[in-house]
Amino acid sequence: MIAPGGRIQIENVEKSFGANGHAMPALMDATLEIQGGEFICLLGPSGCGKSTLLNIVAGFIPPTRGRVLVDGRPVTGPGRERGVVFQEYALFPWLTVAENVEFGPRLAGRPPAERRELVARYVGMVGLSEHRGKFPNQLSGGMRQRVAIARALANTPSIVLMDEPFGALDAQTREVMQDELARIQRLELKTIIFVTHSIREAVYLGDRVVVMTRSPGRFKEVFSIKLPQARDRFAPEFTHYESEITRVLKDEVGAAHA
Amino acid sequence: MIRAAALLIFLGSWAVVAHGNRALEAVPASLLPTPGEVATVFAALAGDGSLARDLLVSSRRIAEGFVLAALAAGALGVVVALSAPVRLMLQPVIEFVRPIPPLAFLPMFLVWFGLGETSKVAFIAYTTFFPMFVGMAASLMRVDVALLRAAASLGATRRDLLWRVVLPSAIPGIVTALRLGFGLAIFVIVGAEFMGADAGMGNLIMEGRTFFNPAQIVMGALLLGVLGSLVHALLVAIERRALRWRGAA
């Protein structure tokens with residue numbers, strides 16, 4: 001299967017925060033080329049700039065230097081070809097599950113019949129058909145994040161950017177959500193950039209795992225995870241990647257506390 | 001049930017105190033009207049239609065002034081929420097004018113707009129504008145950035161953001177501001193009508209003073225209280241309905 005679009009080029013991206021004289025660098029010299037349909041996990045110690053990079057790719061904040069290209073076009077702001085899933089869900093609390101999922105297609109002016117179809121498909125894909133009429137505050141955290149994923153996918157983006165989407169969930173829900181995301185990715189084949197600080201999660205989901213250094217963040221090492229699509233968290237190969245990445249990441253966390 | 005009982009106890013205590021006063025002659029009887037006397041005044045004024053007229057006149061003034069102020073507060077609130085320069089320019093002016101007790105300006109309104117309807121409506125609009133404007137502007141500016149980002153990445157234009165994110169998320173605050181403004185309107189109408197009015201609840205109460213009829217004063221005050229709580233209950237009901245997503249848990 002070849003994804004129709006969603007190629008991302010991150011070229012020498014840097015970001016500093018603060019006033020001119022006292023600019024604090026948050027992200028240094030990030031360069032990465034991501035193919036359409038690839039699942040990239042950004043992994044690093046907290047405050048390493050991984051969310052900053054995601055926000056730059058999303059177009060929420062401009063880079064201080066460098067640029068991001070999506071299918072060859074430079075990113076200048078948010079766009080519908082780049083869906084975003086936030087850690088805190090960011091669902092519209094005054095809209096029902098179905099209305100949240102319908103938000104993007106409605107803005108795009110899609111006809112009602114098509115919108116109904118999209119809502120049914122994606123609400124069904126995340127297993128919430130029975131809850132389509134509920135409001136977000138009637139749902140659990142895991143269910144809310146499912147709605148957020150359905151909302152992003154229903155807008156048919158080529159890219160989905162996920163900022164620690166499962167960070168607020170308990171361990172069990174988290175694994176269930178990882179399984180679901182892996183299953184959805186096999187169906188939809190989006191380009192995904194997934195920010196996390198869980199090594200297990202990164203190895204379970206990613207085609208490649210980008211390990212970042214401590215602040216100011218740089219790319220330290222990129223691991224290609226050569227495991228079958230349906231992964232086994234207890235397979236020796238899986239554990240092997242896990243321990244290798246743990247070793248690389250430990251230097252960073254350790255250095256941060258030195 | 002408890003609420004009804006509490007009201008009955010209140011009325012009962014009033015009756016006991018008023019009638020007790022009659023028996024003991026502590027203060028002149030006319031200074032402390034009994035519930036019965038108040039009811040008689042009510043029946044008389046309701047009978048000849050003058051009470052309905054006063055209520056209607058006051059309600060109209062409140063409604064006109066309130067709607068005017070609400071529209072202005074909403075429009076200016078949106079402008080202020082969207083434009084930082086306007087916000088910076090307006091803030092000191094508003095901070096300066098807002099703490100002035102509105103009643104202090106009432107004579108000014110009479111000078112400007114005369115004794116007719118205009119001065120009352122304008123005064124109510126002026127009084128209710130500030131709290132509603134401040135409340136609405138604040139709730140319009142308190143929008144969660146993540147919601148704006150989520151909408152923008154789903155393809156929302158600036159216009160979509162205003163209509164589909166900023167306004168809906170501000171609605172709880174806007175409704176609260178409206179409720180506050182309405183309460184205030186009922187509060188100040190009496191003052192406005194004390195000064196140079198020929199009809200309205202304030203005038204009715206003032207007449208009670210002029211013709212030394214305390215029962216009429218008490219009746220007017222109680223009626224305003226009933227009116228206020230009825231409108232309040234109505235607004236709360238509307239609020240509940242409009243905001244069912246908030247309490248839906």
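This is a predicted model: local features need pLDDT of at least 70, side-chain atom pairs count only at pLDDT 80 or more; totals for chains, interfaces and linings use all residues.

Trainee: In what order do the four strands of the open sheet in chain A lie?
Mentor: The pairing in this sheet is antiparallel. Its edge strands, each pairing on one side only, are β2 (24–34) and β5 (73–74) of chain A. The order is β2-β1-β4-β5.

Trainee: Which residue of β4(A) is the bridge partner of I8(A)?
Mentor: Strand β1 (residues 8–17) of chain A and strand β4 (residues 65–70) of chain A run antiparallel and are joined by five bridges. In β4(A), the partner of I8(A) is V70(A).

Trainee: What angle does helix α1 of chain A make with β1(A)?
Mentor: Helix α1 (residues 50–58) of chain A packs on the sheet and touches β1, β2 and β4 of chain A. Between its direction and that of β1(A) the angle is about 120°.

Trainee: Why does E11(A) count as partly exposed?
Mentor: E11(A) belongs to strand β1 of chain A. Leaving out residues up to four places away in sequence, E11(A) touches T31(A), G66(A), R67(A) and L69(A). A residue needs 20 or more C-beta neighbours within 10 Å to be buried, and 12 or fewer make it exposed. E11(A) is partly exposed because its count inside 10 Å is 16.

Trainee: Which element gives the most residues to the side of chain B that touches chain A?
Mentor: The contact takes 14 residues from chain B and 21 residues from chain A. On the chain B side, the elements giving two or more residues are α7 (145–153) and α8 (158–194) of chain B. That side divides into 10 nonpolar, two polar and two charged residues. With six residues, the one that gives the most is α7(B).

Trainee: Which element gives the most to the largest nonpolar core?
Mentor: This core has 124 residues, and L42(A), L43(A), V57(A), F194(A) and I124(B) touch the most other members. Beyond its neighbours within four places in sequence, F194(A) has contacts that include F39(A), L42(A) and M162(A). The element giving the most to the core, with 15 residues, is α8(B).

Trainee: How far apart are the end C-alpha atoms of helix α10 of chain B?
Mentor: The buried residues of α10(B), among them V218(B) and L223(B), pack against α2 (35–47), α8 and α9 (201–210) of chain B. Helix α10 (residues 214–242) of chain B has 29 residues, so at 1.5 Å a residue it should span 42 Å. The model agrees, with the end C-alpha atoms apart by 42 Å.

Note on methods. Residues are numbered from 1 along each chain as its sequence is written. Chains are lettered from A and ligands numbered from 1 in the order in which they are written. Two residues are in contact if their C-beta atoms, placed from the backbone, lie within 7 Å. Ala, Val, Leu, Ile, Met, Phe, Trp, Tyr, Cys and Pro count as nonpolar, Asp, Glu, Lys and Arg as charged, and the others, Gly among them, as polar. A nonpolar core is a set of buried Ala, Val, Leu, Ile, Met, Phe, Trp, Tyr and Cys residues joined through C-beta atoms within 7 Å. Two strands pair if DSSP finds at least two bridges between them. Axes are lines fitted to C-alpha atoms, for helices over the stretch in contact, and angles run from 0 to 180 degrees between N-to-C directions. The expected span of a helix is 1.5 Å times one less than its number of residues.
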